Amino acid sequence: MVKILIALLLIGLSLVHSTEFLNDEEYQRIVELRPLAVEFSKYYRNITQADLDLFTNRLPDQEDLQCLADMAQLMAAISSKKMWALKMFDSWGTLPKGFLYGNTIDMGNYDECITINQVISDDYNLRGKYCFAVLPIASHGIYIRSAVCFPASCSATHMDAFLGQLLKKLLNVTTTPFRVSEDSCRTLEREPQDGLFIFTIVVLALLAAAVVLTTCYDYLCCKDQTLLPSVVKIFSARANSRELFRIVQPKSNPNVIDCLYGMRCMSLIWVIFGHQYLFALLAPNINQFRLKWWFEKPYTSFVLHGVFSVDTFFFLSGMLLVVIALRALEKSNGKLNILMMYLHRYLRLTPVVALAILLYMKILPLFGDGPMYESVKFDDYNHCKRTWFWTLLYVQNYATPDLCINHSWYLAVDMQLYFISPIFLLALYKWGKKAAAGIFVFMILLSACLFATMMTEKYPVYLQNGVTPDEAQRKLYYATHTHAAPWLIGVLFGYFLHLNRNKSLKLNHISVWIGWMVALALIFASIFSLLPYVDWRNPTLPMLNQAFYYTFTRIAWPLSLCWIVFACMRGYGGLANSFLSSPLWQPLSKLSYNAYIFHIFIQQINGRRMRTNTFFSDYDVMLIFWGGFGFTLLLSYAIYILLEAPFGVLESMLMPNRRAPSKQKLAEDLPSKATADIRKESLPTQIETESETQLPASTN
C-alpha cells in the first residue's frame with residue numbers, strides 16, 4: 001500500500017508546481033466568486049421552472065418537479081427569515097481562504113445541513129442534502145471544492161443546473177465547468193440494514209455474551225484457577241487476559257529469542273505510522289502546497305520506505321518457521337504431517353480475517369460518517385461483496401485487482417510462502433547444506449525475476465505519470481515472488497541458527513564493530529539512497545539504477561536483520577538488545593496480529609469524520625497517530641478477548657495428535673500468534689510456528 005501513498009504524494013506535488021502557472025486573470029476570476037450562498041439566495045429569490053435549463057432537452061419528471069417545489073419552499077422560507085432555511089444557506093462553504101497556500105476545500109458545516117428536517121405536510125419532510133461543488137481551475141489539475149446544501153429531493157444534476165446559471169452570471173462566461181458529484185452527497189438517511197448486518201451483530205453479541213458469562217463464572221465460582229471448566233478456559237476474559245499480560249523475563253527461557261518481541265512491535269508501529277501519513281495526505285490540508293518542502297526532508301524517507309517493515313516480517317516468518325520445524329523433524333525422524341500443518345495455520349488466522357471482513361463492510365459505515373466520507377478512505381469495501389471469498393482463500397493478491405481489504409495482501413503472500421515451505425523444510429532436513437545452497441540459488445533467480453520485471457515493464461521505484469499504480473503495485477508489491485527474498489534469507493538464517501544452536505561462537509571486538517557497521521550501513525543505504533533524487537517531476541536516476549536499488553534492497557535489509565538477531569542472541573547486542581528484548585514489548589507483540597488487521601478501521605473512522613480543515617506537519621501527524629494507536633490497541637484487545645484467544649484455546653484442545661496440556665500450564669503451553677517462543681515441545685505432527693502472524697507494514 002505504500003505504492004498508493006507514493007502515487008498520491010506525486011499528485012500532491014503536481015498540484016504544488018501547477019500553481020506556478022496560474023495567471024493573474026485566472027486568479028482574479030476565482031476571487032470574484034463571492035459567497036455562493038448569498039448570491040444563490042438573491043438570484044433564485046423568485047425561482048421558476050425555467051431556472052432549470054436541463055428541461056431544454058426533455059420534459060420534467062416527478063423528481064424534477066419535487067426539487068423545484070422544495071426549492072420554492074426554501075426561497076419562501078428565506079424571505080420569511082425561517083430558521084431552518086437560514087441554516088441551510090449558513091452551512092454552505094465559500095471560496096477557500098489561503099488558496100495559494102494549498103487550501104482548496106471549504107467544508108462548510110456538514111451537521112448543520114444534514115440535520116435539517118422541516119415538516120412541509122403530514123406525510124412529507126424537507127431534508128438537507130450536503131454535497132461538494134467542484135470547480136476545476138483551467139487545465140492545471142487544481143480543483144476548488146466548496147460545500148453546498150440543497151433539499152434532499154434535488155439530485156446532483158439539478159444542483160449543476162442551478163449553480164451553472166449563477167456562475168455564468170458571476171464570472172461573466174458562457175459555460176462553466178462547475179460540477180456536483182452525487183458520490184460526494186450525504187443525507188441523514190441511511191440504507192436499511194440487510195441480513196448480513198444482522199448476522200454480524202448476532203455473532204458479536206453471542207461472542208460477547210459467552211465472554212461475559214464465563215468471566216463472571218470465573219470470578220464468582222472458580223477460586224482454584226487450575227480447575228476451570230473447559231468452556232470457561234476458552235472464553236473467560238480473566239484467563240485469556242492473564243496469558244496476554246504474562247511477562248517473561250529475558251533469558252529466562254533458552255528457547256526464546258527475546259529481541260524478536262521488539263523487532264515485531266517496532267515494525268508494526270512503522271506500518272501503522274506510515275498508513276497514518278496516507279490519511280494525513282488525503283485530508284483537507286490548508287497547506288497542501290507545502291508538500292514540496294516535506295519531500296526534501298531526510299525524515300520523510302522513513303515514511304516513504306516503510307515497505308521495509310514488510311520485509312522484516314517476512315524475514316522473521318521464514319526464520320522462525322525453520323528453527324521450529326527442524327527441531328520437530330529431528331524428533332520425528334523426518335516425518336511431517338503437512339495436511340495438519342496447513343489446517344492448523346488456516347484455523348489460527350481465518351476467524352479474525354472473517355470477522356474483519358464483516359466489521360469493515362457493515363460496522364465501519366456506522367462510525368465513520370462525515371463530509372470526507374468518500375474522499376478520505378483506504379479501501380472500497382463494496383468490493384467485499386464480490387471478492388470476500390478470495391480473501392478467505394488467501395489468493396486475493398493474484399485472483400482479483402479489487403481486494404476486499406487491501407492490506408490483507410500480506411496474509412495471502414505469507415500463506416502462499418507457508419504453503420510451499422514443506423519443500424524447503426524437508427530438503428534442509430535431508431540434504432542440509434546442499435539444500436541451503438539450492439535455496440540460495442533459488443532466491444537469486446527470484447530476485448533476477450523482480451529485476452527483469454522492472455526493466456521490461458519500465459516500472460520506476462516511485463510511480464510516475466504514465467504508470468498505472470494498480471498495475472505496478474500488483475506486479476511489484478502484491479506478487480509473492482517479489483517478497484520471497486527476505487523470506488528465503490530468513491529460512492537460510494534459521495538453518496544457520498539451527499546448525500549452531502549448541503555451539504559457542506566467540507567474536508572479537510573488531511568483528512563485532514564491523515558487523516554493526518555493515519548492518520547499519522545496509523539499513524541507512526536502503527532508506528536514504530534515493531534522497532538525492534527527490535525531484536520526481538524530472539527524475540535523474542536511470543531505470544537500470546532504480547531496478548538495482550529495488551532488487552538489492554530486498555536482500556540488503558534482511559541481511560542487516562540477520563546480524564541484529566545474531567548479535568542480540570550471542571551477547572553482542574548492547575543497547576539494541578536491551579531495547580528490543582524489553583519485557584514491555586510482549587503484550588503488544590501478542591496483539592500485533594489484531595492491531596495489523598484492525599488499525600485501518602480506526603484510522604478510517606478518524607479520517608471520515610473530519611469536519612474542518614487540517615494543517616499538515618510531522619508533529620500534527622504524530623499527535624493523530626498516537627491517539628489512533630491507543631484506540632487500535634483497545635480494539636485489538638477486544639477482538640483478542642472475543643475471538644482470537646477463544647479460538648486459539650479451542651483449536652489447541654480439538655486438534656488431533658496434540659499433547660494435552662496440564663491444567664497448571666494451560667495458558668503457558670497454548671500457542672500464541674505473537675510469541676517468539678521456540679518450543680522444545682513442538683510435536684512432530686504439528687508445527688507450532690509463530691511465523692503465522694509476522695504481520696507487516698503494508699501500506700495502502
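## Exercises on the disulfides

Cys384 and Cys404 form a disulfide in which the sulfur atoms are 1.9 Å apart. The exercises below concern a predicted model.

**Exercise 1.** Determine the handedness of the link between Cys384 and Cys404, and say where in the chain Cys384 and Cys404 lie.

*Solution.* Step one is the torsion: about the S-S bond of Cys384 and Cys404 it is about 95 degrees, so the disulfide is right-handed. Step two is the location. Cys384 belongs to helix α16 (residues 384–393), while Cys404 sits in the loop between α17 (396–399) and α18 (409–431). The pair is 20 residues apart and links distant parts of the chain.

**Exercise 2.** Classify Cys384 and Cys404 as buried or exposed.

*Solution.* The cut-off comes first: a residue is buried when its relative accessible area is under 20%. Cys384 has 0% relative accessibility and therefore counts as buried. Cys404, at 1%, also counts as buried.

**Exercise 3.** Which parts of the chain does the disulfide of Cys113 and Cys149 tie together?

*Solution.* Begin with the bond itself, which joins Cys113 to Cys149 with an S to S distance of 2.1 Å. Cys113 lies in helix α6 (residues 110–114) and Cys149 in strand β4 (residues 142–151), so the bond ties together parts 36 residues apart in sequence. As for geometry, the link of Cys113 and Cys149 has 90 degrees about the S-S bond and is right-handed. Both Cys113 and Cys149 are buried.

**Exercise 4.** How many disulfides does a search of the whole structure find, and what pattern do the disulfides follow?

*Solution.* The search finds four disulfides. Counting bonded cysteines along the chain, the pattern is 1-5, 2-4, 3-6, 7-8.

**Exercise 5.** Are Cys449 and Cys562 buried or partly exposed?

*Solution.* Cys449 has 35% relative accessibility, so Cys449 counts as partly exposed. Cys562, at 11%, counts as buried.

Definitions and conventions:
Residues are numbered from 1 along each chain as its sequence is written. This is a predicted model: local features need pLDDT of at least 70, side-chain atom pairs count only at pLDDT 80 or more; totals for chains, interfaces and linings use all residues. Side-chain values use heavy atoms; hydrogens and water are left out. A disulfide is a pair of cysteine sulfur atoms within 2.5 Å. Helices (H or I, at least four residues) and strands (E, at least two) are DSSP runs, numbered from the N terminus. Buried means under 20% relative accessible area, exposed over 50%, partly exposed in between (1.4 Å probe, protein chains only).
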